[in-house]
There are 2 protein chains.
Amino acid sequence: MKTRTMISLDEKFKALGAENAPGQEGRQETGDLSSLMRGEKMEGIPVDFSHGDVDAFPPTPGSFEAFKDGFETGGKQAYTEYRGAVQIREGLAERLGAFTGKAISADKELIITPGTQGALFLALGATVTSGTKVAVVEPDYFANRKLVKFFGGEVVPVPLHYQGAPSEYGPDLNQLEAAFESGTEVLVFSTPNNPTGLVYKGSSIQAISKLAAKHNVSVIVDQLYSRMLYSGEVYTHLRSCEIQPENLITIMGPSKTESLSGFRLGAAFGTSGLIDRMERLQAIVSLRAAGYNQKVLETWFAEPSGWMEKRIREHEAIRDALLEIFRAAGLPCATPQAGSYLFPQLPPLDIDPHTFIRLLRYQAAVTLTPGTEFAPGCGDSIRLNFSQDHAAALAAAGRIVKMVNRYRK
Amino acid sequence: MKTRTMISLDEKFKALGAENAPGQEGRQETGDLSSLMRGEKMEGIPVDFSHGDVDAFPPTPGSFEAFKDGFETGGKQAYTEYRGAVQIREGLAERLGAFTGKAISADKELIITPGTQGALFLALGATVTSGTKVAVVEPDYFANRKLVKFFGGEVVPVPLHYQGAPSEYGPDLNQLEAAFESGTEVLVFSTPNNPTGLVYKGSSIQAISKLAAKHNVSVIVDQLYSRMLYSGEVYTHLRSCEIQPENLITIMGPSKTESLSGFRLGAAFGTSGLIDRMERLQAIVSLRAAGYNQKVLETWFAEPSGWMEKRIREHEAIRDALLEIFRAAGLPCATPQAGSYLFPQLPPLDIDPHTFIRLLRYQAAVTLTPGTEFAPGCGDSIRLNFSQDHAAALAAAGRIVKMVNRYRK
């Protein structure tokens with residue numbers, strides 16, 4: 001016996017399917033994969049490319065000690081304002097302001113959140129309601145589309161060019177403008193882009209900022225990976241553009257490059273009216289980012305000298321080696337300019353890509369995320385988070401190539 | 001220049017006003033309170049009754065060590081399933097099942113959440129959508145009403161009797177049935193009740209369970225404080241009733257009695273279909289309760305022998321002393337049967353209660369929460385969380401009484 005609400009919620013939650021989401025693979029029904037197997041199981045260290053390996057790249061030095069300090073601070077640190085402890089916000093506002101090229105008011109323009117996922121949820125909750133048209137770049141982080149739908153908004157897809165000539169890379173600005181002209185009120189996107197690792201060019205960012213200002217579009221820009229910028233690349237922060245939209249939220253967090261995901265910390269900064277809404281929403285969502293954990297943010301943008309450079313160098317070496325392996329096997333793959341995501345394209349296979357991905361896990365001990373999580377049209381691509389042990393990642397990439405060859409059409 | 005969405009969201013977020021919420025007092029504009037002051041400022045140790053003092057009642061022994069263990073476990077603990085690490089759920093399901101009188105499937109019927117607030121958000125998100133009628137007890141936890149409105153539901157108030165003869169205490173079952181008969185699909189309530197400390201009688205719980213089953217109403221019961229049960233009191237778990245609603249979620253967490261709020265941990269258990277929805281929602285809200293923190297749940301319902309009894313005894317002593325002070329001053333106050341909330345009623349004052357509460361903070365160094373947070377009609381009551389240093393709490397209660405006398409009509 002189902003009530004009206006239950007039926008309508010069944011529908012709503014269908015759009016939130018999480019069984020292919022990174023980290024949830026353990027909950028999948030594997031079915032009878034062995035009957036589909038070509039060849040034997042492959043030997044090798046299992047690699048889970050669905051997220052970074054914080055054992056291979058451990059948390060920032062001093063992060064645990066900062067937590068301990070928070071715990072020992074006691075009640076004051078356990079019960080912070082919903083937007084986060086004021087002292088921590090003050091230091092953070094200064095460092096994030098310096099990084100992104102524009103000052104941030106610790107009192108009014110910054111909120112500490114439970115991870116960047118938390119920041120994204122609050123930012124979309126503060127800007128999207130029933131019927132709001134939201135421009136969503138494709139491919140992009142899978143939660144963007146789900147969040148828009150959850151809040152009752154309508155997804156207006158805008159393609160990202162990331163194949164072919166690098167000079168053409170970037171969001172389709174004509175389609176973006178067309179979307180803005182036909183009632184789109186919000187734009188959400190990530191740069192570096194998840195899943196391709198593409199960094200939006202300065203000219204794209206300037207254009208987006210101007211168009212959003214002109215059409216009064218609220219912009220949410222997810223810059224989660226902007227610190228891990230590879231040699232020779234340039235990063236442009238939207239919030240430092242001269243012409244800016246009235247409503248702009250920038251999202252960052254220390255879960256990736258800094259390997260602090262186990263602490264669930266993030267930050268959003270920008271338009272004070274939106275930050276205020278985000279805090280009101282946080283108050284009913286989970287009150288605050290865990291109080292003791294917030295203290296760990298004092299280590300953020302304050303790492304030991306040389307630490308970040310080394311981390312970037314190590315990731316760049318893995319990136320280059322993987323690109324070589326995939327390209328040698330004929331799998332097209334854009335060069336990630338920042339971050340640790342790689343998005344190779346598979347050749348036509350005899351089995352559908354979702355089954356291939358399950359077989360990869362079952363037969364080759366490699367876990368990765370299907371392209372469909374990032375755009376409906378990306379079913380022939382796979383996303384890897386290559387923040388992994390160098391040797392294990394390369395061996396696993398070799399197994400992926402072998403598997404591709406076994407199941408190739 | 002505001003868009004359609006911004007105007008509609010302004011309206012939506014107005015209902016989420018958090019400036020009187022516990023812990024947010026520091027963000028209030030105090031205005032010119034000194035001109036309203038009668039008499040001088042009062043001396044004394046500041047007491048913040050808006051939440052428990054985890055310095056006076058420190059976190060469970062071993063909680064920090066459990067966190068450390070989680071951190072040292074590394075990647076496996078940083079990236080758990082969205083519903084929480086399986087090993088931790090297994091232990092927890094067993095202990096929570098034993099406590100609430102009915103077995104819980106660790107795989108299907110339990111989710112670990114960022115605090116009980118997180119559990120409540122997910123549970124209402126899984127059951128309430130646009131137009132859903134939700135029975136909300138008044139007074140009850142302030143977020144209940146806000147959450148219903150946020151998800152687009154309609155609040156159907158059901159009064160709780162907590163004044164007068166204790167034999168009459170409890171929810172108004174006639175009004176509850178009337179609400180169920182006229183299309184209410186969800187009921188949310190807390191027992192022990194926040195803010196009064198009232199424990200629902202076994203007969204009330206049985207009646208609620210039966211009525212909900214009969215009318216196909218989903219029930220969310222917040223049992224946050226059910227462990228801190230005072231001498232002679234009996235607690236009935238709805239989930240152990242013989243006749244039960246098809247959809248039932250029970251919420252608990254270690255933030256209060258166990259003083260683990262700084263870790264942001266909670267749990268929800270019950271109907272697997274709802275737990276599944278809650279996990280899907282959690283995946284876009286903040287992924288998971290902080291991974292390392294989850295490990296702290298291994299200390300929950302596993303405290304050293306005698307620890308809980310002592311904690312209850314100490315709170316009972318504070319409760320009794322505060323009741324004596326308030327009653328001697330003529331402030332009616334129901335006896336809390338569990339938990340650490342007290343909800344005294346103020347006599348008529350020359351100033352409005354919100355101003356009185358701001359003056360209390362400014363003039364008498366006492367922070368507490370206005371009754372309007374719990375029900376629109378409770379403006380003449382104040383809520384205290386008396387999990388405080390014993391002597392400081394008594395002295396602060398003395399200052400409240402003095403302040404009442406200064407501003408009495």
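Modeller: Let's start with a term: a polar contact is a pair of N or O atoms within 3.5 Å, where, within protein, one atom must be able to donate a hydrogen and the other to accept it, and residues adjacent in sequence count only if both atoms are side-chain atoms. This is a predicted model, in which local features need pLDDT of at least 70 and side-chain atom pairs count only at pLDDT 80 or more, while totals for chains, interfaces and linings use all residues. Residues are numbered from 1 along each chain as its sequence is written, chains are lettered from A and ligands numbered from 1 in the order in which they are written, and side-chain values use heavy atoms, with hydrogens and water left out.

Colleague: Where does B:Thr196 sit, and is it buried or exposed?

Modeller: Look in the loop between β6 (184–190) and α8 (202–215) of chain B. Helices (H or I, at least four residues) and strands (E, at least two) are DSSP runs, numbered from the N terminus. Buried means under 20% relative accessible area, exposed over 50%, and partly exposed in between (1.4 Å probe, protein chains only); B:Thr196 has 2%, so it is buried. Its contacts (heavy atoms within 4.5 Å) beyond four places in sequence include B:Pro139, B:Tyr162 and B:Phe343.

Colleague: What makes B:Arg4 and A:Glu185 a salt bridge?

Modeller: A salt bridge is a side-chain nitrogen of Lys or Arg within 4 Å of a carboxyl oxygen of Asp or Glu. The closest N and O atoms of B:Arg4 and A:Glu185 are 3.7 Å apart, so the pair passes. Chains B and A have four salt bridges between them, along with 31 residue pairs in polar contact (both at pLDDT 80 or more). On the side of chain B that touches chain A, α1(B) gives the most, with nine residues.

Colleague: How many residues take part where the chains meet?

Modeller: Chain B contributes 86 residues and chain A 87.

Colleague: Which residues touch the most other members of the largest nonpolar core?

Modeller: A nonpolar core is a set of buried Ala, Val, Leu, Ile, Met, Phe, Trp, Tyr and Cys residues joined through side-chain atoms within 4.5 Å. In the largest, of 88 residues, the answer is A:Phe121 and B:Phe121. A:Phe121 is in contact with B:Phe121 and B:Ile284, among others. Apart from that core lies another, of 56 residues, including A:Leu265 and B:Ile88. In soluble globular proteins, nonpolar side chains tend to be buried together.
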